Amino acid sequence: VREAEGAREPALWLVGTEESLAKMLIDNFTVKSPNVTYTDGFIESSYKYSNTKLTSADLGNGKSAWTVEPVESQYSFKTDRKVPKLGIMLVGWGGNNGTTLTGGVIANREGITWKTKEGVKAPNYWGSLTQASTCRVGAVNGQEVYTPFKSMLPMVEPNDVVFDGWDISGMNLADGMERAQVLDWDLQRQLAPHLKRLVPRPGIYDPNFIAANQEARADNCIQGTRQQQMDQIRADIRDFKAKSGVDKVVVLWSANTERYSELSVGLNDTEETLRASIAANESEVSPSTLMALACIDEGVPFINGSPQNTFVPGVIDASVRLKSLIGGDDFKSGQTKMKSVLVDFLVGAGIKPTSIVSYNHLGNNDGMNLSAPQTFRSKEISKSNVVDDMVNSNSLLYKPGEHPDHVVVIKYVPYVGDSKRAMDEYTSEIFMGGRNTIVMHNTCEDSLLAAPLILDLCLIAELSTRIEFKAEGEEYHGFHPISVLLSYLTKAPLVPRGTPVVNALPKQRAMLENIFRACIGLAPENNMMLEYK
C-alpha cells in the first residue's frame, strides 16, 4: 500500500500479509524518501530537527519580555544493520530476576507450553517494550497502521540471546528457579533440564554493602583484593565471549541493592582517585562500582538495575573518557511506573498533588535485603525523586521550593513471596479549595514485571551502540556514553551533566520512539492529525 501520489510527506511502502494489513499491524516496511538510504550495511537518514530558542529582555521591576524563536537543525543518522549475536551477563544471575528471564527466554525459544489450573499457557514476551508494544507509522484509508517497536530498527532477537553471569550463591539456575517460586510448577519441571547445567560464576561479596541476612547465600565468592576481584570480572567477560562465540556482551546488575557509597575527595571523585582507591583496597569501593569499572575497561555496556550510587564520579569520568556505555538506575516496573504516569496526568491537568504516600510489602530476597535500613535508604531515594520534574514543570501550581509531601515505605513479609503489594494514596488540591484523593492498590509479580525490562534494557543498549549521528559540520559519533535512551525503563535516570532529568513516562517513551523514527527519516509522532481536521 502506498500513500497517494503527490503527497507532500515521504511515501511509506508497507509490506505485509493480507491478514496483517487487516489487523493494521505490519512487521516490515521501507521508507521511500530522498532523505533515507538503505545499503547492505547501513540505514542512513537526513533529519530536520525542530526546536525553539528563548531570549529575554529586562523590562525593569523584575519583569522580562520573552521571545520564542523556532529553530531548525540538520542531523544525519547512520544505523548499522548487522545484528550481532548478543550475550547478556547478569550480576545476580541465580536470583529471582535472573532465573525468571533465562527460563522465560528458553521457554519462548523452545516453544514450551505448561498447564495451570486455568488451562494451558504459552510463552510470550508481554511486558517488554521492544517485543510487545507498537508504534504508529501512518494510516491507510483512515485506519491507523502500527508496527512492532522491534521492527523500527534492526534489533537482536531475544530467542538468540546467550546468557551467563555471576552470583554469590553457587546454586544452579534450576534450583534457583525453584527457590524463587516465581514460575508455575509445570513450567519449572520442563525448564529444569535446560537450567540445571547453568551455574553462575563466583560473584563479589562484601557484607559491608548489603544486609547481614544475605550471608547465608554467600558460598560462591571471588576472593582477593578489590583490584584482584575487578581483574577477575574482566577475565570472566573475555572468557564468556570467547567460549560462547557472541559478538557483543551487555552486563546488567540485578543483584542485591547496596547501601549508598560515601562520596569524598581523594576516594572516588575522579577516575584517578577511584583507580588508586581500588589499588589500595579501600573498603568504601562497592562491588557494583567494581563491576561497572571492569565493564568500562572491557568496552562492554553496563546497566545498573538497582538504586545504589554505583556510578560515583570516578566511574562516570572513566565511562566518558573510554566512550563505554553505562545506564541506570533501578528498574521501573510497578508502583513507580504508575506514579510517573499519574502525577504527570494530574499536574498536566492543572490539579495540584500535595501528598503522595506509597506503601509496599513483598517477601522475596529483594524484600529481605531491603529490610536493612541502610539498603532501604537507597531504594527510598530512588523512589522519591520520580515526581520532581513534573512538579517543576508547573509553577502556576507550585511556588519556588514547594513540593508535595512524599513518603515511601517498604516492608518485608515472607509469606507473599514475589507477589508484591503496592498501595498508594494521592491527595490533591482542586478547584475552589476542594480536595481529591485517589487510592490505588497494585498486586504484581515482581520478577515477571522486571524480567522483560531487563531484556529491553540490554537490547536497546546494544542497538544504541550501532547508531551514529552528526550535526552539520561534525563527524559521525555515537550517543553520549551515559545512555539517556534507557530512561523509560529506570526509576532514577542517569543523565549527562547539564541534561534535564525527565521522569514523566509518556515523555520518556516519546523520546525513545522519536529517536528511532529519526534514524529512518520519519517525523516525530505529534498526534496533530491535521489531515482529519
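Me: What makes up the accessible surface of the chain, and how big is its total?
Reply: The total is about 24900 Å², and carbon and sulfur atoms own 52% of that. The areas come from the Shrake-Rupley method with a 1.4 Å probe, and for residues only the protein chains shown count as cover. Bear in mind that this is a predicted model: local features need pLDDT of at least 70, side-chain atom pairs count only at pLDDT 80 or more, and totals for chains, interfaces and linings use all residues. Residues are numbered from 1 along each chain as its sequence is written, and side-chain values use heavy atoms, with hydrogens and water left out.

Me: Why is the chain called as compact as a globular protein of its length?
Reply: Start with the parts: the chain has 15 helices and 21 strands, which are DSSP runs numbered from the N terminus (helices: H or I, at least four residues; strands: E, at least two). The radius of gyration is 24 Å and the globule rule gives 24 Å for 533 residues, so the chain is as compact as a globular protein of that length. That radius is taken over C-alpha atoms, and the rule is 2.2 Å times the number of residues to the power 0.38.

Me: Why does C444 count as buried?
Reply: Buried means under 20% relative accessible area, exposed means over 50%, and partly exposed is in between (1.4 Å probe, protein chains only). C444 has 7% relative accessibility, so it counts as buried. Across the chain, buried residues make up 51% of the 533.

Me: How do you know that C519 is in no disulfide?
Reply: A disulfide is a pair of cysteine sulfur atoms within 2.5 Å. For C519 the nearest cysteine sulfur is that of C135, 12 Å away. The structure as a whole holds 0 disulfides. C519 is buried too, with a relative accessible area of 0%.

Me: Why is N61 called exposed?
Reply: Its relative accessible area is 81%, so N61 is called exposed. N61 is found in the loop between β4 (42-60) and β5 (63-80). Its phi is positive, about 55°, although N61 is not a glycine.

Me: And what makes N141 exposed?
Reply: N141 has a relative accessible area of 77%, so the label is exposed. N141 sits in the loop between β9 (134-140) and β10 (143-148), with a positive phi near 50° in a residue other than glycine.

Me: Which residues does the cis peptide bond with omega of about -5° join?
Reply: That bond joins G328 and D329. D329 lies in the loop between β15 (326-327) and α10 (335-348).
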